[in-house]
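Please look through the sequence and the model shown here before reading on. The report that follows takes up a few of the places where parts of the chains meet.

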Amino acid sequence: MIEVDRLHKSFGIVDAVNGISFSVGKGEVVGFLGPNGAGKSTTMKMITGYLPASAGAIRICGLDVERDPKASKSHIGYLPEGAPLYGEMTPQALLDFWASVRGLSGTRRRERIRFVVEALELQPVLLRRIETLSKGYRRRVGFAQAMLHDPDVLILDEPTDGLDPNQKRQVRGLIRDMSADKAIIISTHLLEEVDAVCDRALVIDQGRIVLQGTPADLHAQSPWHNAVVVTVPPGRMQEARDLLRGLKGADRVEDRPETTGAPALWVIGKGRAALTSDVSIALAGAGISVLSMRTEEGRLDEVFRSVTGAGQA
Amino acid sequence: MRVMLAIARRELGAYFSTPLAAVFLAVFVAAAGALTFYAGGFFEQGQANLTAFFYFHPWLFLVLMPAIGMRLWAEERRTGTIELLMTSPVAVWQTVVGKFLAAWVFSGIALALTFPILVTVNLLGHPDNGVIIASYVGSLLMGGGILALACFISALTGNQVIAFVISVAAGLLFVMAGQEAVLAPLSGHLPDYFVELVRSLSPASHFEALTRGVLQLVDVIYFVSFIALMLFLNCQIIELRRGR
């Protein structure tokens, strides 16, 4: 539903987006991940038709964004960064306004407005001025605006930014609910969000896609993916370390603290194979009691740091 | 058309949602009245007409029209709502005309609120109400011209104060285009036909004709085409500045 082909955008001498290509199909939620200034928002602005592209093509439901702006825009719902709204209006008036602008009328207009008000639980604030609403409500009004015309494509720029954990969970649930029959792009710099809502992620840095894949693929990029992390009684640390180094499949054993801060041994298998059973058998055979053991999935922030610019620590 | 009206309605609602509307209307009506009676010498003239009232309108508009035009685009840019507007399936001209209409209707409301002066002059004597109606039309058109200029300038800058100051300056040149103060410095440096062109483009003669009660098509066309030109330029600027 969204096809982006060799997209470029330069502002003067700065290349903000430098040859990005990807496509998003129906039912897919794709996450744009990257440091600030990577080109995520610029790409979204080009997809929605706000910014003209310097080169490359974008098609929304088969319609070229530059050649057929009106038709392509009618398929898109957009939540810009910070969810801008007309603060002096009430959510009711705002939804009415966008319904008119989107050309909704009659029964369908009433149905759609009722639907988004219910889906986003806006009923209690419907007649209050938007500028007096909490951030969470304002974001929900922004969502309502984006979903109002039941678009095939949703472009959400940092939809959960600035929300509290409950609101974040709520918004993520909403995105998941909507995803069945839509193509959705969200941008975020929260790595946990990728795991929570995205089917696929594109890591963007300096205007290029530096890595893409499912959240699991991304985790697998971590140098500690599938490492077996064990803690043993302090007195037997040395013994366990030597034993595990001698394991047949082990590439190396590292001393790194567990997430709790306790000293632990990280056993990394050759070819990142998970050595869980080998480790447990070896330790049991030597009579070393295991205090805890788990298999590391690989943390996204490590992957993120290794693929995006070194300056972005 | 429906989209344009929706935009105009929203914009008009925005005026009335802040104290700006009340302040503007109060200042306009008070200033129009004060100028008529003190500077215009309404009573001293001893004539049952509103010449003294309409004479000052271009000068009033010069300050007040930029005040209502300056926020039209600058505010959208500041809050970022322009992004939503430009990514909805709406043509730029629909937005431009919708916004202008809202501001124009608002200035029409301001003009309508000066009706006590109409009542006053009718109580004091027997004025030619036809002339007064033509004058109101002229005043509305003159205001529309300055307003369209202010809208255009508002689109050029994201800063309301800059928009206001430049609009006042540009409006001053527009209103005074036919007067010696503007023509004299030009005539020394530019060919005569250009000076004549500036003189002929001046709104002064058209406004005067209307306030004399001569409702001629040519004067109406003059103002309408000036407004259309400004709105056209406004559209071009919005397109040009798209996403910058």
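## Helices α10 and α11 of chain B

In this predicted model, Ile146(B), Leu149(B), Ala150(B), Ile153(B) and Ser154(B) in α10(B) meet Ala163(B), Ile166(B), Ser167(B), Ala170(B), Gly171(B) and Phe174(B) in α11(B), where contact requires that the C-beta atoms of two residues, placed from the backbone, lie within 7 Å. By class, this contact of α10(B) with α11(B) has 8 nonpolar, 3 polar and no charged residues (Ala, Val, Leu, Ile, Met, Phe, Trp, Tyr, Cys and Pro count as nonpolar, Asp, Glu, Lys and Arg as charged, and the others, Gly among them, as polar).

Helix α10 of chain B covers residues 129-156 and helix α11 of chain B residues 160-175, and they pack at an angle of about 140° with their axes 9 Å apart. Helices (H or I, at least four residues) and strands (E, at least two) are DSSP runs, numbered from the N terminus, while axes are lines fitted to C-alpha atoms, for helices over the stretch in contact, with angles from 0 to 180 degrees between N-to-C directions. The two helices α10(B) and α11(B) are therefore oblique to each other (angles under 35 degrees count as roughly parallel, over 145 as roughly antiparallel, 65 to 115 as roughly perpendicular and the rest as oblique).

## Helices α5 and α8 of chain B

Helix α5 (residues 57-69) of chain B and helix α8 (residues 92-112) of chain B also pack at about 140°, with their axes 10 Å apart. Met65(B), Ile68(B) and Gly69(B) of α5(B) make the contact with Ala103(B), Phe106(B) and Ser107(B) of α8(B), and by class this contact has 4 nonpolar, 2 polar and no charged residues.

## Strands of chain A

Strand β1 (residues 2-11) of chain A runs antiparallel to strand β4 (residues 55-60) of chain A, joined to it by 5 bridges, and Val4(A) has Ile58(A) as its bridge partner in β4(A); strands pair if DSSP finds at least two bridges between them. Strand β4(A) also pairs in the antiparallel sense with strand β5 (residues 63-64) of chain A over 2 bridges, with Arg59(A) opposite Asp64(A) in β5(A). Between β4(A) and β5(A), which form a hairpin, there are 2 residues, and Cys61(A) in the turn has a positive phi of about 50°.

## Numbering and confidence

Residues are numbered from 1 along each chain as its sequence is written, and chains are lettered from A and ligands numbered from 1 in the order in which they are written. Because the model is predicted, local features need pLDDT of at least 70 and side-chain atom pairs count only at pLDDT 80 or more, whereas totals for chains, interfaces and linings use all residues.
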